[in-house]
Amino acid sequence: MLNDLQLNNILEDFDIAYWKINLLNKDVNWSEHFNTLVGKPNFSESHFEYFLKEILHQDYRYDFRLYFHKLTEENEAFSIELKLKLSNGKYRWFECRNLKNKEKNKETAVLLFVNIHQSKRDQYTIEENFFYYKETAQMTNTGGWYIDILNQNIYWDNVTKKIIDCPQDYQPPYQEHFRFYAPEEHPVVISAFEKCEKYGIPFKIELKMRNLYNKDFWVRATGKPVYNEDQNIIGIRGVFQDINEQKVNELNLQNSLDIIASQNSRLFNFAHIVSHHLRSHSSNLCLIVELLKEAKNNSDKIELIPNVTDISENLDLAINQLNEIVNKQTILRKERRIVSFEKALSGVMASTSSLINRENAKIVAEFHGLKEISYIPEYLESILLNLITNAIKYKHPGRKPVIYIQTYIKNDTPFMEVSDNGLGIDLDQYGDKMFGMYKTFHENLDSRGIGLFITKNQVETLGGSISVTSTVDVGTTFKIKF
Amino acid sequence: MGQKVELACIIDDDKIYVNLVKKIIEIKKLSENLLIFKNGMEALDHFKLILENATEEKLPDIIFLDINMPIMDGWEFLNEFIKIKNNFEKKITLYVVSSSIDPRDLERAKSFNLVTDYLIKPIELKKFEKIFDRNGHAAA
């Protein structure tokens, strides 16, 4: 057995100090190590009083006195964590408990003081870190996951389960865990997991996941390999961050940006085209003036007068057309209302009845799929008017014009299609110019080249798009996505 | 004034402009003959017909090409014209003429080797005379 000295040395090595309490007179004696830790009391002072007054943190005085009393009077064991002031003036955490009294020794009791400061601080750090981790995870919607390759198990933490929208006791299936990714992401996801599992390559990707109820959402995902002691990969762990809101905003923003950019470029073109169109008349006027100057006699001059008349008429027409475009653009400030397709169409047909009757045009409307829409009524009428007059204007010479109008909803989006049996157009040749300003493709006197330009503008102003398919000699279909 | 131009050609859909230029050429006696087409397609078809059935002397010495025309515009004409250019040796001076002051049109016109210059409408009488005169010298 160890003697007292050996025992003392061992206790000191473990940073454990102790008290010996005389149970008869309650005198306290403490070990040399305790002295070096906290210092010695004055000669006259009792160790106990000195301890309570100078060493023990005030928060624990009441409790300690109580425990001490119970120990000395009733031999009741105790254990308490408390703070002691060391000789350097700093408080440190100690665990204080009495050594078990096996021999029912009624004369002495022993109190051990074990320095637990480091572990206490570690515990605090862990608690603190855990707090921050939890708060961060919840605030940023970030959940952790672990794929145990050896045992073929998947672990999700609470936030991950919340993101996936599954119950907290849900056990994700190992074999089918790819079902939690949108199908179009499978190639990317499978390759990322494979590379991580086989070669230890970490990943950080943005992708669309699919929750338990098959709703897709955007996440940022990271994954890193987990190695065992032999440096073999035994699992993959990482986090999912739900970024759906941001991603959707980002995509919307990009969409708006694209629309603005295309509108900007259209405005730029518009300015140049307008200047070009007006300049062609004014330059003719300049030519006439020069010719008038050169004219040798009156009859030469009079000969030029009809040209002046033509130019002034054309200029007037061009300015009126521009006015029309500008007027249509300013309707933008008007508000959307619920408009019935049937009513809009009958309005347009009434105003074009002479044209329709003259050409014997047949208009078939199918509005069962979508009867009405929230739109600017003037725009819808103008769009119908332009597409219908267009279809009649470019009718096939061999047959009466038939126009088929249909509305429907596809993927939650309203559509309208206007088809005709007219001339058709070679889209390979003219497709990109179809909706340009002053673009005319047929030598037709009525062609002004602004109708489709205005139509496209109106559709896009309200956030939609227009596309065209056509076959020469068969017909043309305009498809509007509202 | 230098040697007269034998055959000038205007490809333009603006009837008034064409009339006025025709008058200028008549008054100033700038060219013996004048060909007029109202779009690129008509001109191209005519040129192809000449190359197949007649001598290339019948091709114009000078062409004034508008940009904005229906059926086939000036750019499309240029792209087609390049393809048949190797079928003849006659030197043709080609001007792109437009009322567009869009710098992108100017750049695009300059990117074609066969375009001598880009002229912005209106073209002054003196400028017309100079063009025909210079062309006469160049051809001589």
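Predicted model: local features only at pLDDT ≥ 70, side-chain atom pairs only at ≥ 80, totals over all residues.

Chain A contains an open sheet of five strands, arranged in the order β2-β1-β5-β4-β3 with antiparallel pairing. Strands of a sheet pair through backbone hydrogen bonds.

**The sheet of chain A**
- The edges of the sheet are formed by β2 (28-30) and β3 (79-85) of chain A; each has a single partner strand, so one side of each is left without a neighbour in the sheet.
- On average, neighbouring strands of this sheet are turned by 30° against each other, direction ignored.
- Seven bridges join β1 (residues 16-22) and β5 (residues 108-115) of chain A in the antiparallel sense, and A:A17 stands opposite A:F113 in β5(A).
- Helix α5 (residues 117-139) of chain A lies across β3, β4 (91-98) and β5 of chain A, and runs at about 115° to β4(A).

**A histidine in a loop**
- The loop between α6 (158-164) and α7 (186-199) of chain A holds A:H177.
- Is A:H177 buried or exposed? A:H177 has a relative accessible area of 11%, which is under 20%, so this residue counts as buried.
- Apart from neighbours within four places in sequence, A:H177 is in contact with A:I147, A:I154 and A:F193.

**The interface between chains A and B**
- In this interface, 29 residues of chain A are in contact with 31 residues of chain B.
- The buried area between the two chains is about 2600 Å², and carbon and sulfur atoms give 55% of this area.
- Two salt bridges are counted between chain A and chain B; A:E294 forms a salt bridge with B:K28, with the closest N and O atoms 2.7 Å apart.
- The largest share of the side of chain A that touches chain B comes from α8(A), with 15 residues.

Conventions. Residues numbered from 1 in each chain as written. Chains lettered and ligands numbered in written order. Heavy atoms only, no water. Pairing = 2+ DSSP bridges. Helix = DSSP H or I, 4+ residues; strand = E, 2+ residues; numbered from the N terminus. Axes fitted to C-alpha atoms, helices over the stretch in contact; angles between N-to-C directions. Contact = heavy atoms within 4.5 Å. Buried < 20%, exposed > 50% of the residue type's maximum accessible area, 1.4 Å probe, protein only. Buried area = accessible area lost by both parts, 1.4 Å probe. Salt bridge = Lys/Arg side-chain N within 4 Å of Asp/Glu carboxyl O.
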